[in-house]
Amino acid sequence: MVLSLRLSPPGSPLVESRKEANAWTLAGGVYPGFEHTADHNVIRGLVASSTLSRRCRIEGHASVSGVTFDDDGDLGTPELVSVGPGCAVSFVNCVFRRGDGSVDSIVRTAAAGAGVVAAVASFVGCTFIGGGATTINNASGVAAGVQMVGCVNLTGNATLGTVTETGTVKIL
């Protein structure tokens, strides 16, 4: 039964083995960052301690849930998560945490390029902690391209950036 869960053990890289629809279920522990280009990848944290501690780049449509992103392993990274142009990514119940010394953004979504539309992202029930002056660096500048629903803002910033926020909770 345990083998059927297909858990990725802590520390193992999230390497794409297929051209699309790769899937990972993360056990509790720390994982390295990744760069994914395949479409329709799915990353699921099985427990609250499923943590990616280095910068992650998503260059294909993806779904991420129940994962903590932090910069413990890469304090100087310009963002924890970078979403490439033409990508649609959903984040559900994720935690994004930057260290106290960080001055950079937490997530960056790419602008449109030659023949490519801007990245779009949705965040549902996510928590944002720490970070620089801009939490979400929405390079397209179009607020409708980044949707925030029922998120928690613990960044110290008045808003999460150039995004559409619905039901964001903030501790003053």
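This is a predicted model: local features need pLDDT of at least 70, side-chain atom pairs count only at pLDDT 80 or more; totals for chains, interfaces and linings use all residues.
Me: Why are cysteine 56 and cysteine 87 called buried?

Reply: Buried means under 20% relative accessible area. Cysteine 56 has 0%, so cysteine 56 is buried. Cysteine 87 has 2%, so cysteine 87 counts as buried too.

Me: Let's turn to glutamate 79. Where is glutamate 79 found, and is it buried or exposed?

Reply: Glutamate 79 is in the loop between strand S9 (68–70) and strand S10 (81–83). The relative accessible area of glutamate 79 is 4%, and the limit for buried is under 20%, so glutamate 79 is buried.

Me: What makes the pairing of glutamate 79 with arginine 55 a polar contact?

Reply: Their side chains make this contact at 2.3 Å, and the limit is 3.5 Å between N or O atoms.

Me: Now the rings. Why is the pair of phenylalanine 91 and phenylalanine 123 called stacked?

Reply: The structure holds 7 aromatic pairs. In this one, the centres are 4.9 Å apart and the planes are at 10°. Phenylalanine 91 sits in strand S11 (residues 88–92) and phenylalanine 123 in strand S14 (residues 120–124), so the pair links distant parts of the chain, 32 residues apart. Each of the two is buried, phenylalanine 91 at 0% and phenylalanine 123 at 0%.

Me: What makes phenylalanine 96 and phenylalanine 128 a stacked pair?

Reply: Their centres are 4.9 Å apart and their planes are at 5°, so they are stacked. Phenylalanine 96 belongs to strand S12 (residues 95–97) and phenylalanine 128 to strand S15 (residues 127–129), so this pair ties together parts 32 residues apart in sequence. Both phenylalanine 96 and phenylalanine 128 are buried. Ring pairs link Phe69, Phe91, Phe96, Phe123 and Phe128 into a cluster.

Me: How do you know that strand S4 and strand S16 are at the edges of their sheet?

Reply: The open sheet has 5 strands in the order S4-S7-S10-S13-S16, with parallel pairing. Strand S4 (35–36) and strand S16 (136–138) each have a single partner strand, so one side of each lacks a neighbour in the sheet.

Me: And why do strand S7 and S10 count as paired?

Reply: They are joined in the parallel sense over 3 bridges, and at least two are needed, so they count as a pair. Isoleucine 58 stands opposite valine 83 in S10.

Me: Finally, why is the protein called as compact as a globular protein of its length?

Reply: The protein has 0 helices and 20 strands. Its radius of gyration is 15 Å, close to the 16 Å that the globule rule gives for 172 residues, so the description holds. Buried residues make up 41% of the 172 residues.

Note on methods: Residues are numbered from 1 along each chain as its sequence is written. Side-chain values use heavy atoms; hydrogens and water are left out. Helices (H or I, at least four residues) and strands (E, at least two) are DSSP runs, numbered from the N terminus. Buried means under 20% relative accessible area, exposed over 50%, partly exposed in between (1.4 Å probe, protein chains only). A polar contact is a pair of N or O atoms within 3.5 Å; within protein, one must be able to donate a hydrogen and the other to accept it, and residues adjacent in sequence count only if both atoms are side-chain atoms. Rings of Phe, Tyr and Trp (its six-membered ring) pair if their centres lie within 6.5 Å; planes under 30 degrees apart count as stacked, over 60 as edge-to-face and the rest as tilted. The radius of gyration is taken over C-alpha atoms; the globule rule is 2.2 Å times the number of residues to the power 0.38.
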